[in-house]
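Hello,

Here is the structure you will be taking over. My notes on it follow below.

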Amino acid sequence: MAVVIEGLTKIVKKKPILSDVSLTLSGVYGLLGPNGAGKTTLMRIVAGLLEFNAGRVSLGDEPISTGTRVKRVNEIGYLPQEFMMYPELTMYEVLEHLAVLQGEHPAACRSKIEKVIEQVNLSSHINKKMRELSGGMRRRVGIAMLLLREPSILLFDEPTAGLDIRERVRFRNLLKRLGHDHTIVISSHLVEDIEFLCTKIGVLDRGMVLFEGSPDELKQKAAPYTYELDVPFEELDSVMAANEVVQMSEEPSHVVVRVLSEEPIGRPVAPRLMDGYLALLKEAEAHG
Amino acid sequence: MDKKTIAHHFSFDRRLLGRLYWFPFLVYGLCVGLMGILSARSDEPFLPYTVIQGMAVPIAGWHLVFLYRHLYDEGAKEALLWHYRKAVVFDLVRYAVLHGGCIVLLVAAVIWIHGTMFLTAPVLVHLFLLFSFYQLIGLALLGVFGSLDVALSVISVYTFMEVATQGTFMPWPHLFLFQAPADSLSLLLPMMWLGAGIVIAAILIGREFW
């Protein structure tokens, strides 16, 4: 199921946070944008946690916004960037209580809880107190909480922010698995968070939509500008100072430097998602 | 909802609050002692009845405020709101029944000592409104301020100042009855303020959870 956003505008203290945003969130959707682009605001509006000034939000064909607010519907689940809850209770106690709040009978919810805990790969930590869990584990408990509610659309706000590399990989794999039977929206300012994961991407900058389309279409934004240079170690500093370097990889005798350039330089290469994203931001910056 | 589910809710709340869970019951015990002392010194039934209004009724909202404060921990509200919106009415009813029972026992104690003369129908209606107000206002203020400290400060400063000055000093709405109402106006005003407070608190809670 898709979330259709049309002409959404949010103004705070006369400053536009979102300006006429229209997006169709479907599949595994990556919402990219620099810090302060309005991603969290957009997610919170869609989750019904924040009011907006103008626009419309629908679930498929059915409008779910009335006036300036999105109704809090059961189909949508939202996981905030950071959260802490019930630090002195165990993960099982928390999930059991939330299952009972959802209408499950206390005597019959154990198997459901064990199933969602297994889905998020936390079975061995079931009796740990919430305060003893790492940030990544806590976020996975957050997913287990969402799964108890069984929403069909899951919104994740910067899900890998602050996680170590192993947790990030684990979290990305989990999102990939969930993407098989849910619509997933991942907001991030890191391209690597959504690369290889998303089927569709939207880019926000300063509250405006810069792009919406497939990862390949975003990559193509950088097709005319992406080059690689083989740079001797001693010339690396001057090359970095003179060009917009996107990536570097070290070889035994030199450094392979990937740059975005309007002038032909080095050899043209196939652009990656990061190149397309940066080219798009650069283009937006040039147009003010 | 069956007994086992209700028992689960109370048991979860006890685990969540730990020793704090028993605090309102301790205050009810103190109220009984204080009412006994005041009744021994005077035949005026409104003295012990003031203890019920000024101590027991406000403390009856304690559990809801302390249970729901966890919703305002870092990011918890955004993650838990969907679960709690189904439970908030049930929680209100649960604790209204529990504390309502305790208040009825305390009123029964005053009746036992002083007779039923003071407890006219309008006074009873006022007590019901005052109890409903304190059940809702803590939760409403918690939602408005997002902070337990601020919500508790507002409630306790108001209640303490009102009781300490017998509703004569501060230029704000007076909600308590410190003596038998002399005329209909002296009863009507507090009841009007309470009614308005209950409606506003209910709207604020509704906006927070739905």
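**The interface and the sheet**

About 2,800 Å² is buried between chain A and chain B, and 59% of that lies on carbon and sulfur atoms. Please keep in mind that this is a predicted model. Of the area that chain A buries against chain B, 24% comes from Arg72(A), Tyr86(A) and Leu101(A), more than from any other three residues. In terms of contacts, 29 residues of chain A meet 27 residues of chain B.

Three salt bridges are counted between the two chains. Glu93(A) and Arg15(B) form a salt bridge through their side chains, at 3.0 Å from N to O.

On the side of chain A that touches chain B, strand 8 (76–79), helix 2 (91–101) and helix 4 (135–149) of chain A each supply at least two residues. Helix 2 of chain A gives the most, with six residues. By class, that side of chain A has 17 nonpolar, four polar and eight charged residues.

Chain A also holds an open sheet of four strands, in the order 2-1-4-5, with antiparallel pairing. Strand 2 (15–25) and strand 5 (62–63) of chain A are at the edges with a single partner strand each, so one side of each has no neighbour in the sheet. Strand 5 of chain A pairs with strand 4 (residues 54–59) of chain A over two bridges, in the antiparallel sense. Opposite Glu62(A) in strand 5 of chain A stands Leu59(A). Helix 1 (residues 39–46) of chain A packs on the sheet and touches strand 1 (3–12) and strand 2 of chain A. The direction of helix 1 makes about 120 degrees with that of strand 1 of chain A.

Regards

Technical notes
Residues numbered from 1 in each chain as written. Chains lettered and ligands numbered in written order. Predicted model: local features only at pLDDT ≥ 70, side-chain atom pairs only at ≥ 80, totals over all residues. Heavy atoms only, no water. Pairing = 2+ DSSP bridges. Contact = heavy atoms within 4.5 Å. Axes fitted to C-alpha atoms, helices over the stretch in contact; angles between N-to-C directions. Buried area = accessible area lost by both parts, 1.4 Å probe. Salt bridge = Lys/Arg side-chain N within 4 Å of Asp/Glu carboxyl O. Nonpolar A, V, L, I, M, F, W, Y, C, P; charged D, E, K, R; others polar.
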